[in-house]
Amino acid sequence: MKLKDSLFTRRKFLNTLIGGWLTALGATIIQPVIKFIFPPYREPEEVILPAADYELPGPNSFKTFPWGSKPGILKRNDDGSLTAFVAVCTHLDCNVTYLPEQRKFYCACHDGWYDENGINIAGPPPRPLRRLDVIVEGEKIIIRRKGESA
Ligand code: FES
């Protein structure tokens with residue numbers, strides 16, 4: 001049995017084909033514009049903090065600092081040295097906080113825990129927190145990506 005009128009006409013086929021092509025062309029043009037307006041995250045090489053603003057009173061004290069568009073945590077250790085971490089969970093990039101009374105980092109998104117050295121100890125985080133190099137030079141605290149010394 002032959003249908004009197006086809007459900008999928010030649011015109012409809014061509015309109016779908018041209019519409020799809022125009023949509024793909026539009027996406028090709030718009031994608032770089034969106035990338036320009038919202039650039040992807042670029043991690044800084046280093047961050048220089050004024051030491052006066054980041055005085056840590058004693059062992060186990062901490063302050064946050066901006067690491068590009070992400071937070072960082074600068075922590076004073078028991079021996080007086082400083083350690084810096086990128087305060088972003090290694091599970092799904094939520095921000096982590098340091099809980100000095102428990103000496104642990106905590107990610108509230110999925111109940112992830114890290115010890116005071118940034119080692120993942122409980123919950124879903126698959127890797128330790130990223131550590132950064134800390135160099136104190138006079139009135140400056142220089143924080144660099146691990147292993148990149150000037
Ligand atoms: S994002 Fe931190 S535990 Fe899932």
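The legends below describe close-up views of a predicted model, from the whole chain to single residues.

Local features are described where pLDDT is at least 70 and side-chain atom pairs count only at pLDDT 80 or more, whereas totals for chains, interfaces and linings use all residues. Residues are numbered from 1 along each chain as its sequence is written.

**Figure 1. Overall layout of the chain.** The chain holds one helix and ten strands, where helices (H or I, at least four residues) and strands (E, at least two) are DSSP runs numbered from the N terminus. Along the sequence, their order is α-β-β-β-β-β-β-β-β-β-β. The radius of gyration, taken over C-alpha atoms, is set against a globule rule of 2.2 Å times the number of residues to the power 0.38. The chain has a radius of gyration of 26 Å, well over the 15 Å given by the rule for 150 residues, so the chain is more spread out than a compact globule. Along the principal axes, its C-alpha atoms fill a box of roughly 90 × 35 × 25 Å. A residue is termed buried if 20 or more other C-beta atoms, placed from the backbone, lie within 10 Å of its own, exposed if 12 or fewer do, and partly exposed in between. By this criterion, 17% of the 150 residues count as buried.

**Figure 2. The two assigned domains.** The domain assignment divides the chain into domain 1 (1-40) and domain 2 (46-145); such bounds come from an automatic or database domain assignment. Taken over C-alpha atoms, the centres of domain 1 and domain 2 are separated by 48 Å. Contacts are counted between residues whose C-beta atoms, placed from the backbone, lie within 7 Å. Among contacts in the chain with a separation of 6 or more, 35% join residues 24 or more positions apart.

Figure 3. F36 and K63 lie 27 residues apart in sequence, with 32 Å between their C-alpha atoms.

**Figure 4. The largest nonpolar core.** A nonpolar core is a set of buried Ala, Val, Leu, Ile, Met, Phe, Trp, Tyr and Cys residues joined through C-beta atoms within 7 Å. The largest such core has 19 residues, of which I73, A84, F85, V86, V96 and L129 touch the most other members. Two or more core residues come from each of β2 (62-67), β3 (70-76), β4 (82-86), β6 (104-107) and β10 (140-145). Strand β4 gives the largest share, three residues. With neighbours within four places in sequence left aside, L129 is in contact with F85, V86, T90, V96, F105, Y114 and G118.

**Figure 5. Y41 and P50.** Y41 is located in the loop between α1 and β1 and is exposed because 8 other C-beta atoms lie within 10 Å. Leaving aside neighbours within four places in sequence, Y41 contacts G68 and S69. Y41 and L92 are 51 residues apart along the chain, and their C-alpha atoms are separated by 15 Å. P50 belongs to strand β1 (residues 46-50) and counts as exposed because it has 10 C-beta neighbours inside 10 Å. Not counting residues up to four places away in sequence, P50 touches E139 and K140. P50 and L92 are 42 residues apart in sequence, with a C-alpha to C-alpha distance of 31 Å.

Figure 6. Most residues other than glycine have a negative phi. D93, although not a glycine, has a positive phi of about 70°. D93 sits in the loop between β4 and β5 (97-99) and counts as exposed because it has 11 C-beta neighbours inside 10 Å. D111, also not a glycine, has a positive phi of about 60°. D111 is placed in the loop between β6 and β7 (112-115) and is exposed, with 11 other C-beta atoms within 10 Å.

Conventions:
Two residues are in contact if their C-beta atoms, placed from the backbone, lie within 7 Å.
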